[in-house]
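Subject: Structure handover

Hello,

The structure I promised is below.

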Amino acid sequence: MSNEPFFRRDGDHYIPTPAGRGPWNSNSLHGRVIIGLLGQVLEERHGDPAFIPARLTVDMYRLPGFDPVEIVTRMVREGGRIRVADAEFISGGVSMGRATCQFLRRGDVPPGQVWRPQPWDVPAPQEIKPDERGGMSGMWAMRNISGGFGLAEQRRTWMSEVREIVDGSPLTPFQRVAVAADFVSPIAHVGDQGLGYINSDVTLYLHRLPAAEWIGFETTYHGADEGVAVGEARLYDEQGPIGIASCVALSQKRPPPPPPSKD
């Protein structure tokens with residue numbers, strides 16, 4: 001993984017790099033890097049191998065720029081089976097977002113049969129021609145399965161992270177899916193006129209961690225009224241389902257393209 005990371009450490013702060021630039025404002029960070037950094041720090045400070053990070057909820061209420069970032073965390077509840085930790089994303093001294101992670105102790109599955117969706121029968125990532133552009137011109141790797149991003153239809157795709165969240169910290173399975181989770185918004189909300197929504201939150205639910213680098217997304221819900229949309233996608237790895245991601249979003253006009261160069 002040789003691509004530029006999203007952040008570099010500087011003491012207690014994280015310095016954003018140009019790799020984390022977002023689509024809505026050229027001077028702001030992408031939502032995925034906010035979620036990814038919050039998830040990474042929560043796991044580093046409060047994770048435990050005996051527990052699964054079963055739910056990560058991130059609220060994003062301001063667009064952070066490229067100022068140094070501080071992540072402040074606290075353990076809310078440290079129980080024997082359920083642990084809850086909070087984190088705050090502070091950029092340039094201003095709170096820009098927050099997260100809550102619920103860690104659940106691993107255990108045995110109760111006996112009996114419970115309804116579940118049919119197995120995800122799709123080609124493996126290695127069987128699909130790579131998207132040469134990648135996500136946002138190479139922010140991540142992608143193998144599209146079905147459904148066009150300029151069409152009003154259900155979409156399925158594989159995606160894989162190609163860079164570290166923080167320089168020198170290889171992605172863990174949880175960090176890999178956390179930084180990818182923001183993709184639920186474009187895959188659920190894009191239509192035949194493009195993407196007209198900016199998401200203000202993401203919630204990631206996991207019943208197990210991904211076993212390898214590729215994460216599969218399948219849209220399962222989109223609903224919108226009065227400028228507010230809700231979206232959801234099922235998540236997979238090559239072994240099967242791992243959980244779901246959901247988000248809420250606000251209608252947002254795309255920024256105009258930059259004026260042509262006078263050179």
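A contact here means heavy atoms within 4.5 Å. Among contacts in the protein between residues at least 6 apart in sequence, 66% join residues at least 24 apart.

Two remarks on the basis of these notes. This is a predicted model, in which local features need pLDDT of at least 70 and side-chain atom pairs count only at pLDDT 80 or more, while totals for chains, interfaces and linings use all residues. Residues are numbered from 1 along each chain as its sequence is written, and side-chain values use heavy atoms, with hydrogens and water left out.

Overall form. The protein has three helices and 13 strands (DSSP runs numbered from the N terminus: H or I of at least four residues for helices, E of at least two for strands). Its radius of gyration is 18 Å, close to the 18 Å that the globule rule gives for 263 residues, so the protein is as compact as a globular protein of that length. That radius is taken over C-alpha atoms, and the rule is 2.2 Å times the number of residues to the power 0.38. The C-alpha trace spans about 70 × 45 × 40 Å along its principal axes.

Interior. Buried residues (under 20% relative accessible area, with exposed over 50% and partly exposed in between; 1.4 Å probe, protein chains only) make up 48% of the 263 residues. A nonpolar core is a set of buried Ala, Val, Leu, Ile, Met, Phe, Trp, Tyr and Cys residues joined through side-chain atoms within 4.5 Å. The largest such core has 51 residues, and those with the most contacts inside it are Phe7, Leu37, Leu56, Ile71, Phe89, Leu204 and Phe217. Helix α1 (residues 31-46) gives the largest share of this core, seven residues. Another core, of seven residues, lies apart from it and includes Ile128, Ala141, Val162 and Trp214.

Two residues in detail. Leu204 belongs to strand β10 (residues 201-206) and counts as buried at 1% relative accessibility. Beyond its neighbours within four places in sequence, Leu204 touches Ala54, Arg55, Leu56, Phe174, Val177, Ala178, Ala181, Leu235 and Ile244. Its C-alpha atom is 9.9 Å from that of Ala180, 24 residues away along the chain.

Ser91 is part of strand β5 (residues 82-91) and is buried, with a relative accessible area of 2%. With neighbours within four places left aside, Ser91 contacts Pro64, Gly65, Asp67, Pro68, Val69 and Met96.

Regards
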